[in-house]
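Visitor: Please take one part of this model and go through it slowly. I would like to look at a charged group and its surroundings.

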Amino acid sequence: MALSAGGAGVLLLAGCASRVGPTGTTGTEAWSGRLSLRIDSEPVQTFSALFELRGAPRAGELTLTSPIGSTLAQLHWAPGEALLKDGSKTRRFDSLDALIEAATGAAIPVAALFGWLAGREERVPGWRPDLSQIGTGRLQATRDAPQPRADLRIVFERA
């Protein structure tokens, strides 16, 4: 079950995030903030959550919470392991891509997301990141392929 909900209209993004410095492991970083995802399917799907992203593309965790602080899902990945905990259920997935799609309703390139949040232009087929506002704490990335089109928006502050 994806945590996305159908809806129409423009999904507005509010809130802020902060980049928390390295967590002590080389190449490991942490961010927290708010993200929104709009998938132009029929019907349109939208997803919005507060998030905490820790780790690296190879191993890390992503916690998604509601605006009132309820945990929606906890995602954990490491070599050979991709777990989604929602409520009292824990499900295993074959890959990080399958894990994130199950949690949000769309395949978000998490490995590239780490680079985008750090201001690096990571190339992912089908995705167009807009890093022009990274300095003001905003990231937008659009997926044109495969269809349906998806729009990811993140607001954050750098520490």
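Visitor: What is the relative accessible area of Asp144?

Guide: The relative accessible area of Asp144 is 29%, so Asp144 is partly exposed (buried is under 20%, exposed over 50%, partly exposed in between, with a 1.4 Å probe and protein chains only). This is a predicted model, in which local features need pLDDT of at least 70 and side-chain atom pairs count only at pLDDT 80 or more, while totals for chains, interfaces and linings use all residues. Residues are numbered from 1 along each chain as its sequence is written, and side-chain values use heavy atoms, with hydrogens and water left out.

Asp144 forms a salt bridge with Arg149, their closest N and O atoms being 3.9 Å apart (a salt bridge is a side-chain nitrogen of Lys or Arg within 4 Å of a carboxyl oxygen of Asp or Glu). Shared partners join Arg38, Asp40, Arg128, Asp144 and Arg149 into one network of salt bridges.

Arg149 also meets Asp40 in a salt bridge, at 3.6 Å from N to O. That pair links distant parts of the chain, 109 residues apart: Asp40 is in the loop between β3 and β4, and Arg149 in the loop between β10 (138–143) and β11 (150–155). Asp40 is partly exposed at 31% relative accessible area, and Arg149 is partly exposed with 31% relative accessibility.

Ser41 is in the loop between β3 (29–39) and β4 (45–55). Ser41 is buried, with a relative accessible area of 17%, and its side chain reaches the backbone oxygen of Pro43 at 2.6 Å.

Definitions and conventions:
Helices (H or I, at least four residues) and strands (E, at least two) are DSSP runs, numbered from the N terminus. A polar contact is a pair of N or O atoms within 3.5 Å; within protein, one must be able to donate a hydrogen and the other to accept it, and residues adjacent in sequence count only if both atoms are side-chain atoms.
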